[in-house]
Amino acid sequence: GLFHAAAGGTIFLDEIGNASLTVQSRLLRVLQEKEITMVGAQTAEKIELRIISATNSNLQHMITTGTFREDLYYRLNVVNIETIPLRNRKTDILPLLHTFIQKYEKEYGKSNISITPKAAEILTRHDWPGNARELENIVQRLIILCDHEIDVDLIPSQLKYKQPNEKGYLQPLHEMEKAY
């Protein structure tokens, strides 16, 4: 149904690396034959659409392990755009932070939420292994918890105590004591 609705346009398949081999086989047929068969239909219907897919998975490794079809990989990999992780785009963090603050202010009926410079510095310093999704999740949490200002005390401790140094990261005292 989604492919039918996207006819003449574009469909986005997020996390294509998580698709089962059965789904991959069906998707390959759509790409090769440019046709779909609606559930309950007896005949196939020609379809024209653009497919954009994304994944965090290493598809080439998945091909070698047999969990991703090589023929589908080559059908999907016409134009490959690799995005740079947020940890390597630190200058993007503050604009994203303010965008997410505005989004969740509206969603939760709040207004004029500000962020202290120290809180912004802590959020900018974090590596964001979950990229923009992780940042958005944290901002949503902060908007829920704050009244009018996002300050350091609202930031989760795992973000506050990761301060870069030449040997990696410092740990919170309780973690150091536990390890010792």
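## Ground rules

Because the model is predicted, local features need pLDDT of at least 70 and side-chain atom pairs count only at pLDDT 80 or more, while totals for chains, interfaces and linings use all residues. Residues are numbered from 1 along each chain as its sequence is written, and side-chain values use heavy atoms, with hydrogens and water left out.

## Two helices that cross

Let's start with helices, which here are DSSP runs of H or I with at least four residues, numbered from the N terminus (strands are runs of E with at least two). Two packed helices are described by the angle between their axes and the distance between the axes.

Take α5 (93-107) and α7 (residues 131-145): their axes come within 9 Å and cross at roughly 45°. Axes are lines fitted to C-alpha atoms, for helices over the stretch in contact, and angles run from 0 to 180 degrees between N-to-C directions. So α5 is oblique to α7; angles under 35 degrees would be roughly parallel, over 145 roughly antiparallel, and 65 to 115 roughly perpendicular, with the rest oblique.

## Loop residues with positive phi

Most residues other than glycine have a negative phi. Now check out E15, in the loop between β1 (10-13) and α2 (21-33): its phi is positive, near 55°.

N112 also has a positive phi, near 55°, and sits in the loop between α5 and β5 (114-115). N112 is exposed, because its relative accessible area is 68% (exposed means over 50%, buried under 20%, partly exposed in between, with a 1.4 Å probe and protein chains only).

## Out on the surface

I81 is in the loop between α4 (70-76) and α5. I81 counts as exposed because its relative accessibility is 68%.
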